[in-house]
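Thank you all for making time this morning. I would like to walk through one model with you, going from the overall fold to a few local details.

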Amino acid sequence: EGCGDTLIKSSGAVDAGGNKVLADAGLWLKSAITARCKELKIPLTIKYIDPTYMIRSIPANAFDSQYCATLAQNAVHAAMAGYSGVTVGKVHENYVYLPIHAITNQKGRRVDVHGRWFQRMLETTR
């Protein structure tokens with residue numbers, strides 16, 4: 001959020017909280033990539049889906065706020081300690097630094113939508 005503020009011009013509007021409404025960097029990036037590929041005569045189709053609508057379908061609660069704050073604090077500690085190429089996560093109730101390459105090189109997992117864990121997730125997010 002705000003990363004494209006130096007590249008694209010926002011409307012200057014403010015939201016109900018008084019915060020500056022930033023231009024949509026995702027749409028700008030999509031059009032810039034499409035234009036460049038057209039210029040190079042490279043066939044391309046981009047389907048842009050705004051990820052903010054995919055994050056969560058119910059309001060955040062106190063646990064979510066605390067969890068996100070703890071992840072953020074650990075991420076800042078990692079950065080201040082000079083770590084790069086890591087992300088922060090929770091493994092067996094411990095907050096850990098995880099190498100990004102170790103996460104992205106993993107084979108994709110499948111969720112059994114008829115299984116017990118999926119049903120538990122549904123029940124806790126209703």
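This is a predicted model: local features need pLDDT of at least 70, side-chain atom pairs count only at pLDDT 80 or more; totals for chains, interfaces and linings use all residues.

Residues are numbered from 1 along each chain as its sequence is written, and side-chain values use heavy atoms, with hydrogens and water left out.

The secondary structure comes to four helices and two strands, where helices (H or I, at least four residues) and strands (E, at least two) are DSSP runs numbered from the N terminus. Read from the N terminus on, the order of the elements is α-α-β-β-α-α. The C-alpha atoms fill a box of roughly 50 × 40 × 40 Å along the principal axes. The radius of gyration is 20 Å, whereas a compact globule of 126 residues would have one near 14 Å; the radius is taken over C-alpha atoms, and the globule rule is 2.2 Å times the number of residues to the power 0.38. Of the 126 residues, 10% count as buried, and here buried means under 20% relative accessible area, exposed over 50%, and partly exposed in between, with a 1.4 Å probe and protein chains only.

Let me turn to the strands. S1 (residues 86–91) and S2 (residues 94–99) pair in the antiparallel sense over six bridges, pairing being called if DSSP finds at least two bridges between two strands. Within this pair, Val-88 has Tyr-97 in S2 as its bridge partner.

What lies between S1 and S2 in the hairpin? There are two residues between the strands, and the loop there holds both His-92 and Glu-93. His-92 has a positive phi near 50 degrees, and Glu-93 likewise has a positive phi, near 65 degrees. Most residues other than glycine have a negative phi. His-92 counts as exposed because its relative accessibility is 75%, and Glu-93 is exposed with a relative accessible area of 64%.

Finally, the helix H1. H1 covers residues 25–39 and contains Trp-28. H1 is followed by Lys-41, whose phi is positive, near 60 degrees. Trp-28 itself is partly exposed, with a relative accessible area of 35%.
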